Amino acid sequence: MVRLAAICLALMVAAIGTANAQTDPVKRGDYLVNTIMTCGNCHTPKGPPAAIAGKDFSGGLTWDEPPFKVTAPNITPDKVTGIGAWSDAEIVTLMRTGKRPNGVQIAEVMPTAFYGIITDNDMKAIVAYLRTLKPVANTVPAPVYKMQIPHHAFPGSEKPYTEAMMSNPVEKGFYLATIGHCMECHTPMGPRGREWADKTGAGGFDFPGPWGVSTSRNITSSKTKGLGAWTEAEIKTAVTQGKSKDGSPLKPPMGFPHYAKMTTATSTPWWPICGPCRRRSRAAFI
């Protein structure tokens, strides 16, 4: 049911890549990093409200929580303050397991819980693109961990998808919503972590920042509390333009500018898929 709820949001916004991106790993990585994965949303320093020119991916937002205080690190190829001295394998290990080269488990504000699903080809493309970034010397504060940090895998994302699985529209929709880590922000946090078992997509998580405090919305198919009464066009407008159903502006940290650059689905149109999947999944979310 989680997959069926996720596909509507993901497929209606974009197909994941273009013909050029599929054949050029760097272009593919550029597309993934700068659209659906919204990496710069956290890893690029903000003004407020805009990103600081020339500092892309050199470190960004800070989270001060009871278990930790961490700042999104510098992921440019700078060899001293960034990841320029990391091997490709070390970057992949961090993405899939949340472990740094020194074995330290990072806080899951970095959505490594969702990245185990990334296909091997897409992972190589992401690393290839990161290698092309402009090195920026920028030291961010060292993380402070007040307890042992666990690693959780979002259900269904435990291992990489294969290219063959992407031909199934439901699987592809789940893939998109998962690498976009939609459920990281839109699932409430309980005493033992995200409540994926029974509240996936139910919203209610607070995000303080330069924008004030945002509370994530319910994106399940509930007609009264979620998106069940929204049209596909209204959801697409919310995701890509930051406008609610009634036209009112939505706050960050939802990465509206990133999602606006996603390509429109062509080989697998989202219109005939979205309606049926919502009808089938609606009963699961009340």
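Two residues are in contact here when they have heavy atoms within 4.5 Å. Keep that in mind as you click around this predicted model, where local features need pLDDT of at least 70, side-chain atom pairs count only at pLDDT 80 or more, and totals for chains, interfaces and linings use all residues. Residues are numbered from 1 along each chain as its sequence is written, and side-chain values use heavy atoms, with hydrogens and water left out.

**Stop 1: colour by confidence.** pLDDT is the predictor's confidence in each residue, from 0 to 100. The protein chain averages 83, and 84% of the residues score at least 70. Now select residues 11-21: pLDDT stays under 50 there, and the model has 45 contacts beyond four places in sequence for this stretch. Residues 266-286 also stay under 50, with 47 such contacts. Where pLDDT is low, the predicted coordinates should not be read in detail.

**Stop 2: the sheet.** Helices (H or I, at least four residues) and strands (E, at least two) are DSSP runs, numbered from the N terminus. Two strands pair if DSSP finds at least two bridges between them. Show E1, E2 and E3, and you have an open, antiparallel sheet in that order. Strand E1 (62-65) and strand E3 (144-145) are at the edges with a single partner strand each, so one side of each has no neighbour in the sheet.

Zoom in on E1 and strand E2 (residues 68-71), which are joined by four bridges. A hairpin takes you from E1 to E2 through two residues. Thr62 sits opposite Thr71 in E2, while Glu65 has Phe68 as its bridge partner. Moving across to E3, you'll find two bridges from E2; Lys69 is partnered with Val144.

**Stop 3: helix H5.** Select residues 88-97. Which residues of helix H5 are buried? They are Ile91, Leu94, Met95 and Arg96. Buried means under 20% relative accessible area, exposed over 50%, and partly exposed in between (1.4 Å probe, protein chains only).

**Stop 4: Thr220.** Look in the loop between strand E7 (212-215) and helix H10 (232-241) to find Thr220. Thr220 is buried, with a relative accessible area of 5%. Show side chains too: that of Thr220 makes a polar contact with the side chain of Asn218 at 2.7 Å. A polar contact is a pair of N or O atoms within 3.5 Å; within protein, one must be able to donate a hydrogen and the other to accept it, and residues adjacent in sequence count only if both atoms are side-chain atoms.
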